[in-house]
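Subject: Structure handed over, with notes

Hello,

Below is the structure I said I would pass on. My notes follow it, so please have it open while you read.

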Amino acid sequence: VWTRLHNCSKFVWNDQLLKPVQSVVHPDWIVPVIHGYIQQASVPVYTCPLYLTVIARRSQRYAGTRFLKRGANDKGEVANEVETEVIASVESSLTLAGGRFTSYVSLRGSVPLPWSQDYTGMVPKPQIRMDRPDPYGSLASQHFCELFERYGTPVLVFNLAKKYEKRPRESILSTEMKPVIEYLNQFLAPEHRIEYTAWDMARFRKIHQYKVIDKLEEIAKGILRKTGFFCNGKELYCNQMSEDKKRVKLGRDQHVKSKLWRSQTGVARLNCVDCIDRTNTAQFMIHRQALGYQLCSMGIIDDPELPFESDIMRLFEGIFEAHGDTIALQYGGSQLVHSIRTYRKASPWALQSRDILNSVSRYYSNAFT
């Protein structure tokens, strides 16, 4: 039990309290505490309910609120680092060896560079500054080494910060981040190099309006092909026989105790500036794409494409938006300013007033509390 906790110690908030007693008490008395979000909902599928579980684990290292904690510390630990896992299982899944369940994991976290913002004034968007030069990317190197150890490769960095601004602010981070990753990739084997994608989501939304979701879906498909997802047990015969071109080979298969399991390899690491609004929508689209293949692997649906109008997607979108609201409250002091429905352009007038109220709430929370 303690070995498993030690491997996940960054997400165990009472880790320091458990260390002195782990060798003298029974494992049943060791209760790890996580901070983040968890919700489970059931969907009736024939006579057996399907359970959807969303778990967000916030790192207790370099923890803090917006503006007070930015970038990375001297150990490469980043601000607002949250690991999100979506698990799909059936009622009979009580153990790892029995039942049928799948999962997919993604990660969000601040840009792993030494940067901060001076919030002594009343400016809604303080200027971003680089605290010190880091020509060899030592902070980013420590950060990505930890990701390699925990998740394996590939590590897919998806940067959603702005690239074009009249007065450089967010674009400073994009400008600094790309050369650091290119420098680090010089020391990695080609098959293990960090894959970096920068996409100015805010600018794309202004120009193309309704096509943000379509673009995110395209990127999500590419990410899923490289990482795959976890699924216990062998591939169902009906899936093996399918000739559908959408059923591409995802990730890798692993032999565990003479059973063939599908395994997720690597992780998608997302960020914008706050890792709240844009990041949550992009993360939702990746997990939406993964969920379709998760349900296919369990034999519940035949087509991995899940329409937004389906019952399960409405349920999943609601859960994931509540997940984003909770993470935003913990770090930024308000709910999501731009929700998933905002980017989908669903009920634009009602959502616009909600977004304005949340924006004012976030500013008040950061400035006066």
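Leu160 sits in the loop between β7 (155-159) and α4. Please bear in mind that the model is predicted. Is Leu160 buried or exposed? Its relative accessible area is 0%, so Leu160 counts as buried. Leaving aside residues up to four places away in sequence, Leu160 touches Trp199, Asp200, Met201, Asn271, Cys272, Arg278, Thr279 and Ala282. Glu170 is ten residues from Leu160 along the chain, and the C-alpha atoms of the two are separated by 9.7 Å.

**Helix α8**

Among the residues that Leu160 touches are Arg278, Thr279 and Ala282, and helix α8 covers residues 277-297. The helix has 21 residues and reaches 30 Å from its first C-alpha to its last, close to the 30 Å expected at 1.5 Å a residue. How many of the residues of α8 are buried? The count is 21 of 21, and the helix is mostly covered. Just after α8 comes Gly299, which takes a positive phi of about 80 degrees.

**α8 against α6**

Helix α6 (residues 212-227) packs with α8: the two axes come within 9 Å and cross at roughly 55 degrees. That angle is why α6 is described as oblique to α8. The crossing of these two helices is right-handed. On the α6 side, the residues that meet α8 are Ile213, Leu216, Glu217, Ala220, Lys221, Ile223 and Leu224. Their partners in α8 are Thr281, Ala282, Met285, Ile286, Arg288, Gln289, Ala290 and Tyr293. By class, the residues of this contact divide into ten nonpolar, two polar and three charged. Ala282 belongs to this contact, and Ala282 is also one of the residues touched by Leu160.

**α3 against α4**

Another helix pair is α3 (residues 138-151) and α4 (residues 170-185), which pack at an angle of about 65 degrees with their axes 10 Å apart. The crossing of α3 and α4 is right-handed. Ala140, Ser141 and Phe144 of α3 make the contact with Val180, Ile181 and Leu184 of α4. The contact of α3 with α4 has five nonpolar residues, one polar and no charged ones.

**The chain as a whole**

The protein chain has eleven helices and twelve strands. Of its 369 residues, 51% are buried. Among contacts between residues at least 6 apart in sequence, 69% join residues at least 24 apart.

Regards

Note on methods. Residues numbered from 1 in each chain as written. Predicted model: local features only at pLDDT ≥ 70, side-chain atom pairs only at ≥ 80, totals over all residues. Heavy atoms only, no water. Helix = DSSP H or I, 4+ residues; strand = E, 2+ residues; numbered from the N terminus. Expected span 1.5 Å × (residues − 1). Buried < 20%, exposed > 50% of the residue type's maximum accessible area, 1.4 Å probe, protein only. Axes fitted to C-alpha atoms, helices over the stretch in contact; angles between N-to-C directions. Parallel < 35°, antiparallel > 145°, perpendicular 65-115°, else oblique. Left-handed = near helix turned anticlockwise from the far one by under 90°. Contact = heavy atoms within 4.5 Å. Nonpolar A, V, L, I, M, F, W, Y, C, P; charged D, E, K, R; others polar.
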